[in-house]
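Open the model in your viewer and keep the selection tool at hand.

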Amino acid sequence: MALRSYFLSTATEPQLTTPDEVHETIRGLKVSKTPVANGIPNRTLKQLPKRTVSPLAPIFNAVLATHHFPQTWKHALMISIFKPGKDPALPYSYRPISLLDTIGKLFEKSLLARILHVVNERGLLRDEQIGFRPRNSTSLQLVCLIERRTRNFGEKRLTGLVFLDVAKAFDNVWIDGLLYKRTLLNFPPYIVHTISSYLSDRTFEASFQTSTSSRRDMRFGLAQAGLISPVLFRLYVNEILPPSHHFEFALYADDTAIIATSRMPMLLFSFLEVQLNSLQRWLSEWRIALIFSKSTAISFARDGRLFIHARPGLSMRN
């Protein structure tokens with residue numbers, strides 16, 4: 001069902017949820033998701049008649065009007081999934097999975113629709129960012145990279161790429177900095193305040209086999225498995241350095257690639273060096289850390305020449 005009728009303006013008044021919107025959101029749920037807290041499986045929600053789930057609409061509207069995200073929706077159960085072939089005695093052999101309240105995630109879908117409406121209407125996301133956008137994928141970003149490299153081959157230019165790995169991207173987001181950016185982007189106040197409530201006072205408990213930890217506070221970062229977390233992170237890093245004549249960015253969520261072009265190897269390395277230094281300053285300002293041991297630099301030359309450029313944690317290879 002189209003949602004455009006619910007967003008006729010970006011006024012300060014909340015754009016309210018309707019029973020039809022709630023019903024359509026439930027129809028789109030995946031039945032494989034594990035229920036938490038309320039114990040209601042998605043399969044059960046999808047089988048309920050519209051009149052049964054319609055009362056959720058005024059509840060969601062109360063959240064939008066009061067800007068209060070209920071505490072029970074902000075609690076996560078962390079479970080650990082064993083990675084095949086790993087040593088079961090080591091903590092890093094398990095993948096943590098965050099399970100959130102089913103009804104809370106339903107509301108997140110409504111909130112996400114309102115956030116994306118503002119983002120798309122105002123064109124807030126830069127074109128280089130492909131992650132979590134309709135009809136875009138990692139394959140499309142890869143095709144774009146190949147097209148750039150092929151174009152440079154035809155113009156007898158070298159192509160240098162640096163692939164950067166962000167350290168625990170969602171876990172380390174500076175919440176105050178994120179809210180500051182939402183205000184600068186002139187989001188409707190009800191969205192800013194609701195997001196603020198969503199991000200504050202979150203709790204979790206960890207479950208492993210038959211044991212469960214005590215409840216702990218989540219002091220920073222975005223909610224893992226939160227439906228609005230990906231778009232919030234994209235907006236948080238959206239002001240990353242602008243492209244220029246000699247280099248550009250390829251972005252997919254928290255994955256970042258710097259692309260530089262030049263006819264001369266030393267100039268290519270110089271462009272990348274300058275950009276990396278500028279990028280590190282920007283990342284430091286917004287409290288984002290890189291894992292240089294997992295970052296890679298590659299150069300492409302049509303005649304197969306190998307260019308090596310020394311940098312801590314990075315190496316240039318073709």
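This is a predicted model: local features need pLDDT of at least 70, side-chain atom pairs count only at pLDDT 80 or more; totals for chains, interfaces and linings use all residues.

Select helix H1 (residues 19–27) and helix H5 (residues 102–122): their axes come within 10 Å and cross at roughly 110°. Helices here are DSSP runs of H or I with at least four residues, strands are runs of E with at least two, and both are numbered from the N terminus. Axes are lines fitted to C-alpha atoms, for helices over the stretch in contact, with angles from 0 to 180 degrees between N-to-C directions. H1 is therefore roughly perpendicular to H5.

Residues are numbered from 1 along each chain as its sequence is written, and side-chain values use heavy atoms, leaving out hydrogens and water.

Now show side chains. Glu-21, Thr-25 and Ile-26 of H1 touch Leu-106, Lys-109, Ser-110 and Arg-114 of H5, where contact means heavy atoms within 4.5 Å. This contact has two nonpolar, two polar and three charged residues. (Ala, Val, Leu, Ile, Met, Phe, Trp, Tyr, Cys and Pro count as nonpolar; Asp, Glu, Lys and Arg as charged; the others, Gly among them, as polar.)

The H4 and H5 axes come within 11 Å and cross at roughly 60°, so H4 is oblique to H5. This crossing, too, is right-handed. Leu-56, Phe-60, Val-63 and Leu-64 of H4 meet Ile-103, Leu-106, Phe-107, Ser-110, Leu-111 and Arg-114 of H5. Eight of these residues are nonpolar, one is polar and one is charged.

Next, pick helix H7 (residues 175–184) and helix H8 (residues 189–199). Their axes come within 10 Å and cross at roughly 170°. H7 and H8 are therefore roughly antiparallel. Ile-175, Leu-178, Leu-179, Arg-182 and Thr-183 of H7 contact Val-192, Ile-195, Ser-196 and Leu-199 of H8.

Turn to the spaces. Which residues lie nearest the centre of the largest pocket? Select Pro-96, Lys-168, Phe-170, Asp-171 and Gln-224, from a lining of 48 residues. On a 1 Å grid over the protein atoms alone, a pocket is an open set of points with protein on both sides within 12 Å along at least five of seven lines; a cavity is a set where a 1.4 Å probe fits but cannot get out; lining residues have an atom within 4 Å of a point. The pocket's volume is about 1700 Å³, the space filled by probe spheres set on the points, which are joined across faces, edges and corners. Its lining divides into 28 nonpolar, eight polar and twelve charged residues.

Last stop: the largest cavity, about 120 Å³ in volume. Among its 15 lining residues, Val-166, Val-237, Ile-240, Asp-254 and Thr-256 lie nearest the centre. Twelve lining residues are nonpolar, two polar and one charged.

Conventions
Angles under 35 degrees count as roughly parallel, over 145 as roughly antiparallel, 65 to 115 as roughly perpendicular and the rest as oblique. A crossing is left-handed if the near helix is turned anticlockwise from the far one by less than a right angle, and right-handed if clockwise.
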